[in-house]
Amino acid sequence: MTITITAFERSPDGGKGLARDTRVRWALEEAGLPYEVRLVSFAAMKEAAHLAVHPFGQIPTYEEGDLVLFETGAIVYHIAQGHAGLLPQDPEARARAITWMFAALNTVEPPILEIQTARFAEGDKPWTADRLPLIEARIRARLDPLSARLGDADWLDGAFSAGDLMMVSVLLRLRPSGLLDAHPRLAAYVARGEARPAYQRAFAAQLAVNAPSAG
Ligand SMILES: N[C@@H](CCC(=O)N[C@@H](CS)C(=O)NCC(=O)O)C(=O)O
């Protein structure tokens, strides 16, 4: 059955792979699943046709026959549970990998999103200069224990899993801030994720759409 995802017609990051379709593309590539992409403009995302597949008018979405999904956590989990390579077979190891997916989305990503909001959406507001150090402290409060838990391991819990895919995707969003540089273990962890052939294919596919010269 054909899998169709949605992505920005033109991503605001200009092809750095930070838009969330990249993590879905990555999961599909890890699973060896071909997929099609429907590109949507910011205006089209808020129109009825797209709102029928994503109630909040965002990307990415995932369609497979009658199945329509939104939220990258749900999409990546759906891909991972149906195909080898993203979740361990052992039930306890599988539960731990899923825990890391939730940790990435629920615990690590929120303060990272805050810094993006503060810098880009509210950069001109009078409170931003006072707010940024507070947000950076909240990010460090996530990165320090994450780095300690990772230690010298390659991945968070044994073999690479959807938990790592999600955590690396979330940490990548920090790169423009420079905050990752203070955590060499996490920077190396992110680099390991980026070096995976499946990530490289996902990155290249979104870059083909978003590079300044594309289209
Ligand atoms: N929690 C959602 C977040 C989706 C999201 O924020 N998507 C962004 C692109 S990365 C978007 O569509 N932004 C445009 C908008 O919200 O209008 C997920 O993980 O799928």
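**Questions on cavity, pocket and helices**

Author: In this predicted model, α1 supplies the largest share of the lining of the largest cavity, namely 3 residues.

Reader: Which elements give two or more residues to the lining of that largest cavity, and which residues line the largest cavity?

Author: The residues that line the largest cavity are Gly17, Leu18, Ala19, Arg20, Thr22, Arg23, Trp26, Ser169, Leu172, Arg173 and Tyr199. The elements that give two or more residues to this lining are α1 and α7. Sorted by class, the lining of the largest cavity holds 5 nonpolar, 3 polar and 3 charged residues.

Reader: What makes this a cavity, where the other space is called a pocket?

Author: The word cavity is kept for a set of points where a 1.4 Å probe fits but cannot get out, whereas a pocket is an open set, so the two terms are set apart by whether the space is open. A search of the whole structure finds 1 cavity of 30 Å³ or more, and the largest cavity has a volume of about 70 Å³. The largest pocket, for its part, has a volume of about 850 Å³.

Reader: How many residues line the largest pocket, and which of them lie nearest its centre?

Author: The lining of the largest pocket is made up of 32 residues, and those nearest the centre are Leu18, Arg20, Leu113, Gln116 and Arg173. Two or more residues of this lining come from each of α2 (42–45) and α5 (91–121), and α5 gives the most, with 9 residues. By class, the lining of the largest pocket has 15 nonpolar, 8 polar and 9 charged residues.

Reader: Why is Ser11 counted as buried, and where does Ser11 lie?

Author: Ser11 lies in the loop between β1 (3–8) and α1 (21–31). Its relative accessibility is 6%, and buried means under 20%, so Ser11 counts as buried. Once its neighbours within four places in sequence are left aside, Ser11 is in contact with Ala19 and Asn210.

Reader: How do you know that the span of helix α8 agrees with its 12 residues?

Author: The expected span is 1.5 Å times one less than the number of residues, so the 12 residues of α8 (residues 184–195) should span 16 Å, and its end C-alpha atoms are 16 Å apart, which agrees.

Reader: Why are the buried residues of α8 said to line one face of the helix?

Author: The buried residues of α8 are Leu186, Tyr189, Val190, Gly193 and Glu194. Seen down the axis of α8, they fall within an arc of 140 degrees, so they line one face of the helix. These buried residues pack against α1, α6 (128–150), α7 (162–172) and α9 (197–210), while the face of α8 turned away from its buried side carries the exposed residues Pro184 and Ala195.

Reader: How do you know that the span of α6 agrees with its 23 residues, and what covers the buried residues of α6?

Author: The 23 residues of α6, at 1.5 Å a residue, should span 33 Å, and the end C-alpha atoms of α6 are 32 Å apart, which agrees. Among the buried residues of α6 are Leu132, Ile135, Glu136 and Leu150, and what covers the buried residues of α6 includes α5, α7 and α8. After α6 comes Gly151, whose phi is positive, near 55 degrees.

Reader: What kind of peptide bond joins Ile59 and Pro60?

Author: The bond that joins Ile59 and Pro60 is a cis peptide bond, with omega about 0 degrees. Pro60 lies in the loop between α3 (48–51) and β3 (61–64).

Conventions:
Residues numbered from 1 in each chain as written. Predicted model: local features only at pLDDT ≥ 70, side-chain atom pairs only at ≥ 80, totals over all residues. Heavy atoms only, no water. Helix = DSSP H or I, 4+ residues; strand = E, 2+ residues; numbered from the N terminus. Buried < 20%, exposed > 50% of the residue type's maximum accessible area, 1.4 Å probe, protein only. Contact = heavy atoms within 4.5 Å. 1 Å grid on protein atoms, 1.4 Å probe; cavity = no way out; pocket = protein on both sides within 12 Å on 5 of 7 lines; lining within 4 Å. Points joined across faces, edges and corners; volume = space filled by probe spheres on them. Nonpolar A, V, L, I, M, F, W, Y, C, P; charged D, E, K, R; others polar. Arc of directions from axis to C-beta.
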